[in-house]
Amino acid sequence: MAIVNLKQVTYTYPLTDTPALSKVDLQIKEGEFLAIIGPNGSGKSTLCYTLAGFIPHFFKGELEGSVEVAEVETKSSTLNEWVMNVGLVFQNPFNQISGAKYSVFEEIAFGLENLGVPREEINPRVEQALIMTGIDDLAERSPYSLSGGQQQRVALTSILVMQPKVLVLDEPTSQLDPIGTREVFGVIRSLAERGITVVMVEHKVEWVAQFADRVVALYEGQVLMDGKPREVLTSDQLVGKGFGISRYTSTAREAARRGLWPKKSELPVTLDEAITGFKK
Amino acid sequence: MHERLSFYLKRDSLLHSLNPLTKLTLAFGLTFVAFLSPWYWTPQFVVLIIIIPLSILGRIQREYIFTALRLILPATAFLFVMQALFQPIGKTIIFQFWFLHITRESLSFAFANASRIFAMISSFTLFLLTTHPSELMSDLTRRGLPSQFAYVIISTIQIIPQMQSKAQTIIAAQRSRGLETEGSIFKRIGALVPLVGPLVFGSLVEVEERAIAIEARGFTSTRKKTSLREIRDTGFDKTLRSILVLMVLVIIVLKIRAS
Amino acid sequence: MNIEVNNLDYTYPGAVQALRGVSITIQAGEQVAIVGQNGSGKTTLVKHLNGLLQPTSGTVMIGELDTRKVSVAKLARHVGYVFQNPDEQLFCRTVGEEIAFGPRNFGFDTQKIENLVNDALQLVELTDKKDTNPYDLSSTWRKMIALASILSMDTDCVILDEPTTGQDAANVARIAHVVSELKKRGKTVITITHDIDFGAENFDRVIALAKGQVLVDGPAGSVLGETEILAQTYVDPPQLTRLGKRLGIKKTVRNQEEFLSAVEKLNM
C-alpha cells in the first residue's frame, strides 16, 4: 500500500526558469525506509519540501503533477492539515528550536499544544516520545544548553510526538560532529525498525547502505535510479556526476580495473562488504 | 549557545504565580501612573514604595537592584544631563558655561522626565524578570492574539542572543581579513558595513528556516491551542487588573482636573 | 615563516581552561590536520594563530611576530582564517568585490588586487561569476566565495575551520584541489576537521588533541594507525586505513593509491 504517491511532479521556484524537479514519479510503501542521494542542486531539498507540503503551500511557484500522502492530494489540502501527516526535520538543529519553551519537555509538547491536543494527553505522549528516542534524561534541560546532536534528537522527538504518517529528514547529520551523527543515526534506525515510514536525504552512503530499504538517486531534478541500496550505490551511472560515492566502492572499482577485485563480485559499499570482497 | 533567552528567572514567588497578563497590566499601569500623575514625586514613590517591595515579593530584588544601578540609573542620568543642558526652558539661569546654560526650570523638567523613564523601565524589568515569554505568548494567544503576531514577538526575543553571538563571529571573520576595528573614528565607521551587512543578510537566511520549523510544528494551525502548563487566571488576578485600570483612570481624571 | 606555539595555556573568561601546555612547531609549507572531539581545544588553539585569542600564558610566534604584540588585522597578512559559515562574512554586492576585500585592506595597488582576485576565482572555479551577487548563488558556491576571499590575501599560512562540514562530494573535491594547489605553492595549510578521511587524504601531519592537550602529533602515516590513542578523543581511523588493517596490511594506508599498492604487494 503506497502511502506516498508522486506522479509526474514538476516544480519551478518563483522567479526561476529551470524546474527544480522534473517529472518525478515516486511511490513509497508504508513502513519503508527510503534514502535519497544526489549532488547539491539535484532537487533533494525541493523533494523534501514537496513531501512535507511546504511546496506549494509555503513556497509559491508552479507545481505540476500530483502529490498524494495517505490518499490526500496536496492541492486540496492546507499546510496545517498536511503537517499532521508528514513531519519534517532538517539540517540545522539550532533553527528548529522554537525559542518559546523553557525545557526540552515543554519544547516537545509545543507541537501538541498547537494542534489542540487536550492537556491530559500531552503528558503521556511526550513521555512516550522521549523514551522512544532515548532522550528522557534531557527532559528538564534547556534546549539551548544542548549539543548539536542532542538538539537534533530533540527536533526529531518534537516532530515524532505529533505522530506523522511519514517522517522526512533532510540531511539530519550534516552539521553534526561524529558523536552527534552516531546518536542521531541510532535514533533513526530504531524508528525505522519500529515500522515508521522514513524518507531521508543523506550523503553518508555507507550508513544508508546498511539501513535503507531502498535508494533513489536524484540528478538535475529527475530520478536517475531507484532500487536496492547496494545496486544503486555501486552503479556506474553515479560516477562523474558529483554523487558522494563510498570510498570502498571507488577503491574496489579501481581495484577491479587492476585485477585486484574478484571479477564476478558486486562492488562493496560498506566496510564489511569490502573486507569480504578483498579477502578473495 | 546562550542558555537564557530572556530575562526570566525561575523562582517560586507571589509575583511569579500571577497571570502573565496581570503582570503586563501592572507594568503598564505603574508606567501610566508615573507619567500622568500630577504629583511631582510620583515616579520616586512608585519605585521606592511599590516596585522595590514588589521585587522582594517576587524574590528578584537582588537582580532588580543590580539592573537598576548598573543599567537604568546610568542611562537615565545621562538622559537627565542631556536634557538639562540642551533643552533649556524657562528663564531662571543658575549655571552658565560657555554657550551652555542650565535653568532651574529645565533642571526640574529633566529630573521629572528622567524619573518617569526610570520608573517605566523599572516596572517593565519587574515584568520581564518574573514572566517567561512562552507563558505570556500562550496566555495572549488563548485570549485571541493571532499566532503570527505571537511569532514575531517570540522570534524578536530569540534574535537578540542569536545576533550577539553572530555579531562576535562576524567581527572575528572580518578582522581576520584585515579589517581594522580600532583607531580613528573614520576607521570605526568604515568598519560598520562589513559587520552589519552579514548580520542582516545572514539572519534572513535563517529566518526562513525558523519559519518552516515552526510551521512544521503546527504553529499556524487554526485549532484552538491547549497548554501543557496551567496558566491560572484567578479571581485575584482579575480583581487586580480591574483595580489597576481603575487607578489609571483616576489618575487621568486628576490630571485633567489639575490642568 | 615558521609557527611556534610554546607552552600555551588558555582559559576562557568564565574559567574554562581550554588549553594546557600546548607546544607545537609548524614549519613553512607543512600541511597539518588537527583532530579531536568537540571541546578538545582545536578551535581555541587555531584562533591563537591569527591573534583572535591571546595566550593566558605561553607564547605564539608567527615567524618573527609575537601574537600578543601585533593586531589581528596585521597578523592577517600572514595567516588567513577561513571561517565555517560563509553567511557570517559575505556583504559585498559582487563576488569580485567580496574577494577583493582582504587584499584591499592590505593596501595593495589596483593591479595587484586584480591579479590576486582573478587567481582566487580561478582556484575555486568561479571566474565566470565575478559580477554576480553572492546571495544569488547557492550555499555551495557561497562557501567557495568565502574560501576565495582568503586565498586572495595570499598569506603564507591558511587555516581552514571544518571546511567539509555540510558540503557535498563535489565541493569536498574542490576544497581538496585548493589544498593541493596551496601545497604546490609552498603554503602552510592547517585544518581543523571531523572528516578524518579528508584529513588523511590531503594532510601529511596529524595532531590529535584531547582535553586541551596534545595527545599525539606526527606524520599522518603513523598517527592514523594509532587506533587506541585516537579513540580517546573519539576519532575513528579513516575508512581505507580500517579496511587495510582488517585485511592484515601492516602499513597504515591513508588513501586509495597506498591501499591498492599494498593490496598488490600482498598478492605477490
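In the predicted model, 25 residues of chain C are in contact with 25 residues of chain A, contact being defined as C-beta atoms, placed from the backbone, within 7 Å. On the side of chain C that touches chain A, the elements giving two or more residues are α6 (169-184), α10 (239-246) and α11 (256-267) of chain C; helices (H or I, at least four residues) and strands (E, at least two) are DSSP runs numbered from the N terminus. The largest share of this side, six residues, is provided by α11(C). By class, the side of chain C that touches chain A comprises nine nonpolar, 10 polar and six charged residues (nonpolar: Ala, Val, Leu, Ile, Met, Phe, Trp, Tyr, Cys and Pro; charged: Asp, Glu, Lys and Arg; polar: the others, Gly among them). Residues are numbered from 1 along each chain as its sequence is written, and chains are lettered from A and ligands numbered from 1 in the order in which they are written. As the model is predicted, local features need pLDDT of at least 70 and side-chain atom pairs count only at pLDDT 80 or more, whereas totals for chains, interfaces and linings use all residues.

In chain A, an open sheet of six strands with mixed pairing has the order β6-β7-β8-β3-β9-β10, where two strands pair if DSSP finds at least two bridges between them. The edges are formed by β6 (86-89) and β10 (222-227) of chain A, each of which has a single partner strand, so one side of each lacks a neighbour in the sheet. From one strand to the next, the twist averages 20 degrees (axes are lines fitted to C-alpha atoms, for helices over the stretch in contact, and angles run from 0 to 180 degrees between N-to-C directions). Four bridges join β6(A) to β7 (residues 166-170) of chain A in the parallel sense, and A:Val89 stands opposite A:Leu169 in β7(A). Helix α6 (residues 148-160) of chain A lies across β6 and β7 of chain A, at about 170 degrees to β6(A).

In chain B, the axes of helices α1 (residues 20-36) and α9 (residues 235-258) come within 9 Å and cross at roughly 15 degrees. The two helices α1(B) and α9(B) are therefore roughly parallel (angles under 35 degrees). Residues of α1(B) including B:Leu26, B:Phe32 and B:Leu36 meet residues of α9(B), among them B:Leu240, B:Met247 and B:Ile251. The contact of α1(B) with α9(B) has 10 nonpolar, three polar and three charged residues.

How values were computed: Contact = placed C-beta atoms within 7 Å. Parallel < 35°, antiparallel > 145°, perpendicular 65-115°, else oblique.
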